[in-house]
Amino acid sequence: MRTETLQNKRVIKSKSNSSNIKNSVVEILPHLVKDIKLAKLGRDKIDISEREMPGLMLLRKKYSRTKPLKGFKLTGSLHMTIETAILIETLKDLGADVRWASCNIFSTQDEAAAAIAKTKTPVFAWKGETLKEYWDCTLQALTFNGNEGPNLIVDDGGDATLLIHKGYELENYFNKKKKLPKITATIEEEIVIEKLLRKVHKRNPNHWHNIVPDIIGVSEETTTGVARLQQMVDDASLLFPAFNVNDAATKSKFDNLYGCRESLADGIKRSTEIMLAGKTVVVCGYGDVGKGSAQSMKSYGCKVIVTEIDPICALQAAMEGFEVRKLEDVLERGNIFVTTTGNKDIITLKHMRKMKDQAIVCNIGHFDNEIQVDALNASNAKRDTIKPQLDRYTFKNGKQIFLLAEGRLVNLGCATGHASFVMSTSFSNQVLAQIFLAQNKPATGMYDLPRKLDEEVARIHLQHLDADLTRLSKEQADYIGVNVNGPFKKDEYRY
Ligand code: NAD
Ligand code: RBV
């Protein structure tokens with residue numbers, strides 16, 4: 001019923017009908033967005049943000065004539081924000097045939113999606129999707145002409161890649177056993193995926209085997225997505241090449257760090273309007289995102305406590321002056337708790353029960369399983385939704401805590417994610433990765449951006465900040481054993 005109402009509002013049905021495409025696995029739709037009338041607002045914001053994305057604009061200038069992505073069908077599964085709209089238009093400018101979905105149910109900026117839909121690019125995303133809608137949108141983005149797949153994928157967190165691999169696995173099972181396995185999953189999202197794959201199987205029992213041979217590769221945006229890919233490389237289950245965008249220095253050492261340094265506070269403040277100065281903030285994890293988050297909170301005048309499992313990161317935190325503690329020992333001290341680990345069950349129901357009254361709990365890692373939200377919802381705590389993405393839970397003893405964005409990444413769920421400039425560095429790497437895949441069609445495996453290109457991305461963005469770079473003399477270059485034009489560091493250098 002809910003889907004019906006939402007669809008009536010959102011869907012602009014095309015004249016074409018799924019029944020006229022043989023073995024179509026989706027209904028043929030031009031797009032699914034919240035409100036196409038938001039397109040003008042989206043376009044205005046895109047125009048403004050383009051000025052802050054010099055990397056993408058330069059790549060357009062450099063490649064829009066030669067069109068290295070021409071003839072390639074490209075699926076994106078990445079937060080449908082204003083920055084992503086500019087990435088999409090860059091990929092289109094380079095010749096790609098693009099379809100897009102968001103990689104999170106709360107991260108779409110509806111005005112950005114509308115502006116993209118208005119250009120007749122099939123985009124399937126709105127803020128506040130259900131899990132079923134989310135996976136239907138992912139399938140829509142992955143399906144060209146009713147039953148074809150993409151050649152190239154831009155993934156963030158690996159959901160598009162996961163759907164393909166799960167679908168392929170299910171077909172393998174069916175081909176071997178001549179029947180589909182029973183759904184044994186207990187997690188809601190896994191059940192949704194299993195049901196969707198069975199629907200696809202009914203429509204076309206060979207769909208995923210048909211599309212996989214045409215996939216040239218995926219470029220992955222984030223730490224957690226890369227970890228998922230690495231596991232597939234390790235167990236030899238990866239079906240196509242993968243490009244690790246996250247570990248480009250101009251991605252993780254900027255977006256994860258400086259991006260979160262600004263967008264974490266944005267998410268917390270837009271949602272709760274809390275005064276940060278003087279509060280005690282517990283940051284779980286001190287990797288790139290944790291470092292940015294801790295620095296951010298410190299700069300507002302918060303007392304910051306860090307939890308870590310890695311002694312190197314813990315030592316870094318301690319030497320930055322942060323108190324390093326176990327979460328169990330600071331539950332009654334923290335006013336705000338932020339998870340940044342990419343790991344699961346960091347904040348458990350037991351932890352939340354012990355927190356002080358009015359504590360704020362949020363996550364900025366990619367997935368929502370860092371906080372035990374399901375257990376909290378299943379507990380006897382009473383949930384009041386104050387507004388979308390802000391819930392207050394009252395425990396039996398009267399103590400209350402606030403949960404932001406239902407445990408999903410707070411900067412994109414409660415605000416609009418990172419600012420455009422830092423996304424320009426990330427997305428320049430995405431575009432370079434896509435060109436690399438299209439031009440080289442490498443063998444299955446994981447690939448990194450050459451350091452030289454990483455330096456190029458940085459160079460473009462330096463100009464925008466009016467920074468003057470010093471040039472090495474030939475003698476100096478020879479003395480430290482590098483080329484005057486770079487690369488300036490060895491591949492192992494960590495920045
Ligand atoms: P990272 O690997 O650099 O850092 C994660 C840190 O968490 C590590 O230092 C690890 O030792 C620590 N950790 C793991 N388990 C822990 C535990 N039980 N307790 C305490 N610490 C623990 O990863 P990253 O690049 O900082 O990314 C972290 C997460 O944020 C990932 O899911 C990533 O995809 C996501 N991310 C989100 C955004 C955003 O805009 N919201 C931006 C970039 C990355
Ligand atoms: N991220 N995207 C945005 N404004 O579009 N903000 C953050 C945006 C990405 C970021 O690159 C990170 O790795 C990923 O979201 C986590 O899902």
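## Model and confidence

This is a predicted model, in which local features need pLDDT of at least 70 and side-chain atom pairs count only at pLDDT 80 or more, while totals for chains, interfaces and linings use all residues. Residues are numbered from 1 along each chain as its sequence is written, with chains lettered from A and ligands numbered from 1 in the order in which they are written.

The average pLDDT (the predictor's confidence in each residue, from 0 to 100) is 95, and 96% of the residues score at least 70. Do keep an eye on residues 1–19: pLDDT stays under 50 there, and the model has 21 contacts beyond four places in sequence for this stretch.

## Around ligand 1

Ligand 1 is surrounded by 32 residues, the closest being Gly285, Gly287, Val289, Gly342 and His366. A residue counts as near if its C-beta atom, placed from the backbone, lies within 6 Å of the molecule. By class, this shell holds nine nonpolar, 19 polar and four charged residues.

Helix 10 (223–234), helix 11 (249–272) and helix 12 (288–299) each give at least two residues to the shell, and helix 11 has the largest share, with five. Helices here are DSSP runs of H or I with at least four residues, strands are runs of E with at least two, and both are numbered from the N terminus.

## Around ligand 2

For ligand 2 the shell has 16 residues, with Thr81, Glu83, Thr222, Gly417 and His418 the closest. Helix 4 (82–93), helix 11 and helix 18 (420–440) each provide two or more of them. The shell divides into two nonpolar, 10 polar and four charged residues.

## A covered helix

Helix 5 (residues 110–118) has eight of its nine residues buried, meaning that 20 or more other C-beta atoms lie within 10 Å of a residue's own, all placed from the backbone. Among the buried ones are Asp110, Glu111 and Ile116. The buried residues pack against helix 2 (39–50), helix 4, strand 2 (97–101) and strand 3 (123–124). After helix 5 comes Lys120, with a positive phi near 70°.

Technical notes: Ala, Val, Leu, Ile, Met, Phe, Trp, Tyr, Cys and Pro count as nonpolar, Asp, Glu, Lys and Arg as charged, and the others, Gly among them, as polar. Two residues are in contact if their C-beta atoms, placed from the backbone, lie within 7 Å. A residue is buried if 20 or more other C-beta atoms lie within 10 Å of its own, exposed if 12 or fewer, and partly exposed in between; C-beta atoms are placed from the backbone.
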